[in-house]
Amino acid sequence: MKQVSWSGIVLAIILFALAAIVPLVANGYHLSVAVTAIMYVALATSWALFSGPTHYISLASGAFFGVGGYLVATGMSDYDQSFWLMAAIAPVVAAILATLIGLATLRLSGVYFVIFTLGLAEMVRNLVSWIQNNFLGSRGLYVLTDFTEAHIYWMLLAVCVVIYIFGWWLSHSRLGFALRIIGNDEAVAKHVGINTALSKVVLFMTTGFFAALVGAIIAPRYSYIEPNQVFSPELSFLVVIMALIGGTNRLWGPLVGVIPFTIIWEIISSNFSNFSTLFLGLAFLLIVYVIPNGFVGLLEKWGRRLRA
Amino acid sequence: MKRRTFNKAIAKGIATAGLAAFLSTTSWAADTIKIGAVWPKTGPLAGGATVTQGPNIEMWVKQVNARGGLKLKDGQKMIELIEYDDKTNPGEHIKAVQRLATQDKVDFIIAPYGTGFNIAAAPIYAKYGYPQIAVSAISDKIEELTARYPNLFFTLGTTTAFVEGVRDILVDMRDAGTIGNKVAMINVADAFGIELADAARPIFAKAGLEIVYDKSYPLGTPDLSPVMKGAKASNPDAFVAWSYPPDTFGLTEQAVIENLDVKAFYTAVATCFPAYGGKFGSKVNNNLGAGGVNPDTPEMKAYFKAHKELTGKDADFWASANTYVSLQILEQAIEGVGASDKAAVSQYIKDNTFKTIMGDIKFENQFSNRFWTVGQWQDGVFRGVKSVNVDGAASVRAKSGWN
């Protein structure tokens, strides 16, 4: 495990500075696309922290994202709480939820885990709707704030920075090492004395935390929250596809997937909006057949060839 | 950074999409007025929007262009319509509106479909100064929203008004001795359904109506048999469902199966769709639902006829007309100002009365307090039976069986 290089830090700071000035130079449309892109950078990167090393493909992003958005909306709309308070509570609730779910399900492996997480968003949506309908009541979930897209962008950028710092720490920690061993062979990991359940739950909790935080920050952008929109299964799929296109073996992998994907998605939706689902399918095939390790894996392979 | 990764992506064989995108944006017509529209052509709201929103936009553009375009001070201009699909996703919707405003630089935008989408898009309309004449948006926060967004107009009513309309119908029928006091009420456990049920409980109670059955069902559930069985077992005099399009059909089907014998049967959204009458025929005679029209005025008759001719589809018996009215208002305001001046058009909408197929419309505090709340299927036509400030309500009838 090599130490972080100074050039790497400088590059990261320059990229961050460039990202931070986007709202000052971009027009409304480009900023809107940038908000969407940075939302997916945060979601896909935090997703890859768990699913990258462990190879547990989680389709639960939509569930946690929805919890974030929904809690902010209920708190602000029905209980007159401030956005900041709700944005602080939401990820904690999601983390607790993720812990419970993690403890119950991370013993599942392979396709069983995938199917369970797919159903999770639906289950959570129905659960919160049921609770709201029977116990809380509602007069419409409005999230009216004075935030502009630039504010939301900067908040999401800050979340991304935290995720990257956490991810860097993780990859240099015993926990990160343990996760990689689990990903390679869970039986071996158990035999060498790693508490596999705890390691997996901790990381699953982290992805839940960040997904809910992103959902909470996005809520003011939507202004009016409907459960069937924030608990969207499509979101979970997009996060997985973008992360895999980029590659999950490097911390910056998902970023390399999100940006081209968002731009192409945008071109397709504005010009051939009937074909966006087709594009999603093609992206899946591309990952499976051509770039199983993502763009990052491809770049590294070319890099090795050049050197050889 | 973006540029570079993008180029790499293209190099990996997706160049065709980018190239075609470039080519398709280079064609444009001179001397037109650009009107944008973003609405759900796919996703959960597409079913409603393809009945209510899409065809009216198509019809209005065809009509205006057939008469040579919008009359402005510097001559008549044909409408160039730019439409995007928001996929029933608020994030996509916001991006599409931004694209209309800053890339396509459209002169005006037709307001979104759905309460959530109107509110989500309102900050962008406000930022660029586009007038936003919302139709398919029902809220109890109209005052707060219009104070916040000075170009946002509401035309279809408030949540409370909708519940009060149903209450009035039930109270009238009770006072006439047609029904008793017992109401079975169910709602879809989703945003608008929860809101309506929440508003209805105190309003019904205050009117002396007893809610003998109060249950919800999850959005999108195909199995509505248990709630209908439960409602029937409560032996109600009236049945009220705050429902969405798919369950409006599903609940009606179950009521037929269970032979729910009530004199007042109400389902909310989509009861007014021609497809509802088409599917159930005489079985749903005297069924109550949200919305309504007065189909007998010459203006409305002409509207239904033109709608069928120009789009090949039947207009619904509620918000279709309101949607068309919102376009008439936009048209008259643009021609009244005589220029593509967004601020002046917004002000014109606030200051003037508009002659529409639903009569004269005037906004007070950006709200047109003139709308239908309850309609009833009467011999194949869904007529308005309760309204706020609209004339021509038919008298309500008692339902007798599902034949």
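What share of the contacts in chain A with a separation of 6 or more comes from residues 24 or more positions apart? In this predicted model, such pairs account for 80% of those contacts, a contact being heavy atoms within 4.5 Å. Residues are numbered from 1 along each chain as its sequence is written, and chains are lettered from A in the order in which they are written. Local features need pLDDT of at least 70, side-chain atom pairs count only at pLDDT 80 or more, and totals for chains, interfaces and linings use all residues, while side-chain values use heavy atoms, without hydrogens and water.

Chain A contains 15 helices and zero strands, assigned as DSSP runs (helices H or I, at least four residues; strands E, at least two). The radius of gyration of chain A is 19 Å, which agrees with the value near 19 Å for a compact globule of 308 residues; the radius is taken over C-alpha atoms, and the globule rule is 2.2 Å times the number of residues to the power 0.38. Along the principal axes, the C-alpha atoms of chain A fill a box of roughly 65 × 50 × 40 Å. Of the 308 residues in chain A, 56% are buried (under 20% relative accessible area, 1.4 Å probe, protein chains only).

The contact between the chains takes 50 residues from chain A and 54 residues from chain B. Together, chain A and chain B bury about 4,600 Å², with 60% of this on carbon and sulfur atoms; buried area is the accessible area (1.4 Å probe) that two parts lose on being put together, summed over both. On the chain A side, Asn133(A), Arg139(A) and Tyr142(A) lose the most area to chain B, together 14% of what that side buries.

Notes: Buried < 20%, exposed > 50% of the residue type's maximum accessible area, 1.4 Å probe, protein only.
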